[in-house]
Amino acid sequence: MHHAKAFKPKTAGPRTSYIDGRHDAIKLREAGSLPSLEALKLRMNESWSRRHRLNGRLSDNVLQQGRAYADGFLDELRLSRQSWQPVKLSGSASAIVLAGREGDLKFDCLRELNRLPLQEIIVVLEDAAGRDYDALRALPGITVVHVGTALQRDSGRSIGARLLRTDTMLFCDAHAPIPAERLAYLLAAVDSGADVAISETTDALGVFRKWDELSRVKAFVNWSLGRPDLLANSNSELPNAWSRRAVNLVGEAALSLPPVAQQTALYHQLNIVVCRNVHPVGNLRESGGLGVNSLAAFGHLAALKAAMDHRGGRLSHPDRVRRRGAAGGAAH
């Protein structure tokens, strides 16, 4: 007896996506004059997003298809191929890049961001007197904000957020380039409904007994605030992405204190998700790495104290051990 083979629907591949890109470029060309290259990238991404709005979650395979689509799109328009990385988005997205002091900015960071369908890239720089400023001004699609004074490590987050009104804000470290393909997962997570998307960094710590003190503090704070599943993952680590709704609830000023921002997001019961494989293990940064940092640890404990001020000393956790009633106190 011969059994009929189960039908397996064909899935789109790079070749199909390349052809789709050419087809959509023809429709754009027939509609009228072509926009500038930067605007064309956003138009192309809108077309790609319409084609893939029902295709489920982002994957490396879908990212590969997106690159093939962009190649077909540009080939049909007889334009030079770019390294664009389309990302299925229903809303708008921008990036805020923390550059800090002059001298150690990695321009690879900006090149990767320029590959993404971002409406604006804001670089927050401490001053406008050095070579970095001149080089940044020469780059297309980059807005440079210089404050003329020394910044706290994360102050640039709130500065940039005040200048943007896009649906998604991606926060990046200018000193630690991340491939556009990895950053795409943060953008897609927020665009798909997450309020905050943070990078998975706990995997790099190994077994718990080898964790540094700061990571243990982070995990303790997450557990105390009702999200033990977050482990030692924190908004303190860049890159991460926030929705405009989340920024409005938390407050732009709070973003400059990442532990407080995360605590406030949890207080409002915002949806914080962890994206894996965003952060290369070798590039993890917390003012020089994941090692002990007493100032950063203090920031997380300060966030915990702020939560206790709002929700009480036990943070709504019931005391199932002590019998206060036996000592004449209130039983909880």
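Strand β4 (residues 168-173) is joined to strand β6 (residues 240-243) by four bridges, and the two strands run antiparallel. The model described here is predicted. In this model β4 also pairs with strand β1 (residues 93-100), in that case in the parallel sense.

**Strand β4 and its partners**

- The pairing of β1 with β4 extends over six bridges.
- In the pairing that involves I96, the bridge partner in β4 is F171.
- Strand β4 is mostly covered, with six of its six residues buried.
- T168, L170 and C172 point one way from the strand, whereas M169, F171 and D173 point the other way.
- The residues on both of these sides of β4 are all buried.

- Helix α1 (residues 14-31) packs against helix α2 (residues 37-51) at an angle of about 120 degrees, and the axes of the two helices are 11 Å apart.
- Because of this angle, α1 is oblique to α2.
- The crossing in which α1 passes α2 is right-handed.
- On the α1 side, the contact is made by S17, D20, H23, D24 and L28.
- On the α2 side, the residues that make the contact are L40, R43, S47, W48 and R51.
- Sorted by class, this contact of α1 with α2 has four charged, three polar and three nonpolar residues.

**Residue S158 in helix α6**

- S158 is located in helix α6, which covers residues 155-163.
- The relative accessibility of S158 is 5%, and S158 therefore counts as buried.
- When neighbours within four places in sequence are left aside, S158 is in contact with E252, A253, L255 and S256.

**The protein chain as a whole**

- The secondary structure of the protein chain comprises eleven helices and seven strands.
- The protein chain has 332 residues, of which 48% count as buried.
- Among contacts in the protein chain between residues at least 6 apart in sequence, 74% join residues that are at least 24 apart.

Terms used
Residues are numbered from 1 along each chain as its sequence is written. This is a predicted model: local features need pLDDT of at least 70, side-chain atom pairs count only at pLDDT 80 or more; totals for chains, interfaces and linings use all residues. Side-chain values use heavy atoms; hydrogens and water are left out. Axes are lines fitted to C-alpha atoms, for helices over the stretch in contact, and angles run from 0 to 180 degrees between N-to-C directions. Angles under 35 degrees count as roughly parallel, over 145 as roughly antiparallel, 65 to 115 as roughly perpendicular and the rest as oblique. A crossing is left-handed if the near helix is turned anticlockwise from the far one by less than a right angle, and right-handed if clockwise. Contact means heavy atoms within 4.5 Å. Ala, Val, Leu, Ile, Met, Phe, Trp, Tyr, Cys and Pro count as nonpolar, Asp, Glu, Lys and Arg as charged, and the others, Gly among them, as polar. Buried means under 20% relative accessible area, exposed over 50%, partly exposed in between (1.4 Å probe, protein chains only). Two strands pair if DSSP finds at least two bridges between them.
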